[in-house]
Amino acid sequence: MEVTHILSTMTDDSALLAAGMLHDTLTMCPEVTSEVLDLNFGAHVCALVEAESERCVNLSGKIDRSAFEGISEEEMKLLLADTLSGLRSISRISTASFWD
């Protein structure tokens with residue numbers, strides 16, 4: 001939900017907002033396949049989710065310039081929103097454990 005909220009501050013594109021909501025489904029839900037996404041949400045949303053899933057797997061803790069070559073503006077927004085959401089999660093955990 002947070003990724004979609006962040007995206008909503010950058011765009012009102014419904015396909016990109018849907019991809020934000022679904023961005024982790026391919027990596028975290030084994031029963032959800034690209035075919036399921038395509039059938040239920042369309043090829044464009046499916047392609048955005050696939051690109052984000054592949055990028056996350058490829059980065060695996062390392063960021064290198066090649067990960068951003070040929071990336072569309074939509075894919076960049078999705079990547080940035082997911083990254084910001086992840087950083088916020090780390091910050092919340094770190095802050096909470098700091099006071100324990």
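## Cysteines

The structure holds zero disulfides, a disulfide being a pair of cysteine sulfur atoms within 2.5 Å. This is a predicted model: local features need pLDDT of at least 70, side-chain atom pairs count only at pLDDT 80 or more, and totals for chains, interfaces and linings use all residues. Residues are numbered from 1 along each chain as its sequence is written, and side-chain values use heavy atoms, with hydrogens and water left out.

Cys 46 is buried, at 5% relative accessibility. Cys 29 is partly exposed, at 24%. Buried means under 20% relative accessible area, exposed means over 50%, and partly exposed lies in between (1.4 Å probe, protein chains only).

## Overall build

The chain has six helices and zero strands. Its elements run α-α-α-α-α-α from the N terminus. Helices (H or I, at least four residues) and strands (E, at least two) are DSSP runs, numbered from the N terminus.

Of the 100 residues in the chain, 32% are buried. The accessible surface is about 6,600 Å², and carbon and sulfur atoms hold 60% of that. These areas come from the Shrake-Rupley method with a 1.4 Å probe; for residues, only the protein chains shown count as cover. Contacts are heavy atoms within 4.5 Å. Among those between residues at least 6 apart in sequence, 60% join residues at least 24 apart.

## Nonpolar core

The largest nonpolar core has 15 residues. Such a core is a set of buried Ala, Val, Leu, Ile, Met, Phe, Trp, Tyr and Cys residues joined through side-chain atoms within 4.5 Å. Leu 7, Ala 19, Leu 37, Val 45, Val 49 and Leu 78 have the most contacts inside it. Helix H1 (2-8), helix H2 (14-22), helix H5 (43-59) and H6 each give two or more residues to this core. In soluble globular proteins, nonpolar side chains tend to be buried together.

Leu 7 touches Leu 16, Leu 17, Gly 20, Lys 77, Leu 78 and Ala 81. That list leaves out residues up to four places away in sequence.

Met 76 sits in helix H6 (residues 73-98). Met 76 is partly exposed, with a relative accessible area of 25%. Beyond four places in sequence, Met 76 touches Phe 68 and Ile 71. Glu 52 is 24 residues from Met 76 in sequence and 9.1 Å from it in space, C-alpha to C-alpha.

Ser 85 also lies in helix H6. Ser 85 is buried, with a relative accessible area of 10%. Not counting residues up to four places away in sequence, Ser 85 touches Glu 2, Val 3, Ile 6 and Arg 92.
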